[in-house]
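Hi,

Here is the structure I promised to pass on. Have a look at it first, and then read on for what turned up.

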Amino acid sequence: MNTIVCAIRGGEASRLTQERAIQLAKADNSRLIYLYVVHLDNLGHLGPGEVLAAQTELAWLGKVLLQIAQRRASQAGVKAETFMGYGPVREAIERFLQQEKVDLLLIGAPRQETRRPVFPNGDLAPFVRSLEARTGVKIEVVQDK
Amino acid sequence: MDIILLLQEHPPEDTFIQFEIAFVVLLTIITGVAMVVDRIGNRVPYTVALVIVGLAFTFLPERLELDITKELILSLLVPPLVFEGALHISWERLKRNLLPILLMAVIGVIVGTWIVGQILITFLDIPPAAAFAFGALISATDPVAVIAFFRTLGVSKRLATLVEGESLFNDGTAIVIFNLALVAGAAAATGTTSDPAIRLTLGDVGAFLAVSAGGLAVGFIVSMVANYAIFRPVDNRLIETTVTMVIVFGSFLIAEQIQVTESLHMSGILAVVAAGIYFGNVTPQHMRPGTRLAVNSFWEVFSFAATSIIFLLIGLGIDIREFISINNLRSVAIAVAAVLFSRALVVYSATWLSGRLGTAVPLPFRHVIFWGGLRGAISLALALGLSPTQFGEEQIGVVNQLRLMTFGVVLFTLLVQGMTTGPLLRRLGLAEKPVQDIERQRRLGRLYATRAGQQEIDRLHDTGVLSGTVWTALADAYRDEVNQRGQEVLELLHEFPGLEPEIIVQARRAALRAERTALIDALRRDLVSEQIQHELLEEIDARLSALDKIEKSLDYQGDYLPD
């Protein structure tokens, strides 16, 4: 049985990525895992008492988003698992791919006009190539239609 | 009620009562206007509504006369406004847009002053010093009304940074150039120089730089000292909130007391700008989230009251009947045309240059920056601060003419530009997201209201008021309606998946607030001690503060990966 990992964050591309994951999992009867990464990189500076609070709230948001994705998959007849990672997104994804036996990773394509893209100016393609090379996992980037 | 005269003519206790009455009257009018604007769904900017109400007072048999002085506006009302504006400016975002902002706010103000001055000299035969003083005072933009639109329509944060940043810095620049023009005008009027034209000397440039940089340095130092001396060691929200007042008015006063030349002092407004930016970006790191919320709420209220009073005073200060004269209308029309022309030239060329130098500003943003360049409090305060003989004994009429033109331009920008900026934003496609946002609010509002109705029906049944088939029928009808409303929310989420995280965060915030209220209740019921309650409230405040940051970071326009 193949294992598909679908990285989610919420939003339009996330919905498209989830739909694609459900479609693939259904077609091959694959194991589907939704992955959400809790990261504080984009919240600006956090005060001493705030790091823990922000981490707790982001984890809470992630838990709800994962449950929504899981329920959506269940409605489509696919049993999905969930996993929450912590830390910088790139590292957390790579860590997860190395610890699980994964065949395919699905991620939504970031739009370039986003404020602080992790992959500015076409940085995504090299990241995908290098991650594929390091982990041996095939990666599919789901583009907005 | 002439507040200033009252201060002079009546014993202190009477004066205080009269002042207090005037203050209460103003706040009552403000509250009424705010309620009406809120009722009509914020279709008219609140500040514009205040001006209109103020103008309407012209036609009352007994005018509400308030002596608006430059000092009242510039020293008491403007610093809180500027501070609150600077407080929310992200240094990171400001830094990324500093080039276009400084091009517009420094070079742009100088060029704009010159263009407006030249037009007035040519068409209205106004003395050069007066023409350039007007050019400078009218260069200060006031984004309050426009920013209100931005918030309602949720336009790009970058556009808001450009508009707010330009306004913060051009206030200071305009005041400095205005004072330089007055100094030159005074020299011409007293015969110190025989040349009536204004010539920019190296000394003026040096003075300009010293006044601006000096002001910024004062604000930075005051805020930094407060940060190290108070905010780091002290952990008390009352003390820390009080100290922010010292920072605002203290930095303003200190800068205004430091003479750069015989007739120029450092810029108090720029001092407040620097203090606000430093405070907003550095100090919160050393504050508890609860204290930060308290400080932000305090300045939000202070700024709301100050803004409201200023705009109401603008309306009250303009006697609309004075415009009913061909000569006056002509002066105002020429001033408006000059201001629009110079603004267009400055905005489009500064942003073009910025693009050439590496920081491009999209064309739709340029249109909004041009048309959204409203004028307000600073221009008015500077015009009101001119003495009748400012430009010499023979030029007494000129000061009145300048005031009238200032009021005219402020009025035009507020009423015409202010009322059309919202449609412009929609037309340019800069307000697309809020359509979903507004729909989300509408559908959630309906669901919330229907659920409340359902609960009331159940309560009536529980208390025995409703029973039998009537209750069953009503309960069924409400259940269907709640289901339908819920379905509408789900459909919206399906159509706009990007709203999902926002709704989750919104619900979480409501839940945390309910937890907060429950803790306050728990203390009343002696379930927890004050110390434990304080500790738990701090925890919830930290989470609420974190949620604010998470919400700000949500830019769910299609990507999985964080921006």
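For the salt bridges, the rule is a side-chain nitrogen of Lys or Arg within 4 Å of a carboxyl oxygen of Asp or Glu. By this rule, there are 18 salt bridges over all chains. Please keep in mind that this is a predicted model.

In chain A, Arg31(A) pairs with Glu100(A) at 3.4 Å, N to O. This pair links distant parts of the chain, 69 residues apart: Arg31(A) sits in strand β2 (residues 31-38), and Glu100(A) in the loop between α3 (89-99) and β4 (104-108). Arg31(A) is partly exposed at 26% relative accessibility, and Glu100(A) is partly exposed with a relative accessible area of 26%. Together with Glu81(A), they form a network of salt bridges.

Another bridge in chain A joins Lys101(A) and Asp103(A) at 4.0 Å. Here Lys101(A) is exposed, at 63%, while Asp103(A) is partly exposed, at 27%.

In chain B, Arg479(B) meets Asp476(B) at 2.3 Å. Both belong to helix α19 (residues 468-495), three residues apart, about one turn of the helix.

The largest nonpolar core has 133 residues, and Phe134(B), Phe150(B), Leu159(B) and Phe391(B) have the most contacts inside it. Helix α9 (residues 157-190) of chain B gives the most to this core, with 14 residues. Apart from it lies another core of 41 residues, including Ile4(A), Leu43(A), Leu519(B) and Leu554(B).

Happy browsing!

Definitions and conventions:
Residues numbered from 1 in each chain as written. Chains lettered and ligands numbered in written order. Predicted model: local features only at pLDDT ≥ 70, side-chain atom pairs only at ≥ 80, totals over all residues. Heavy atoms only, no water. Core = buried A, V, L, I, M, F, W, Y, C linked by side-chain atoms within 4.5 Å. Buried < 20%, exposed > 50% of the residue type's maximum accessible area, 1.4 Å probe, protein only. Helix = DSSP H or I, 4+ residues; strand = E, 2+ residues; numbered from the N terminus.
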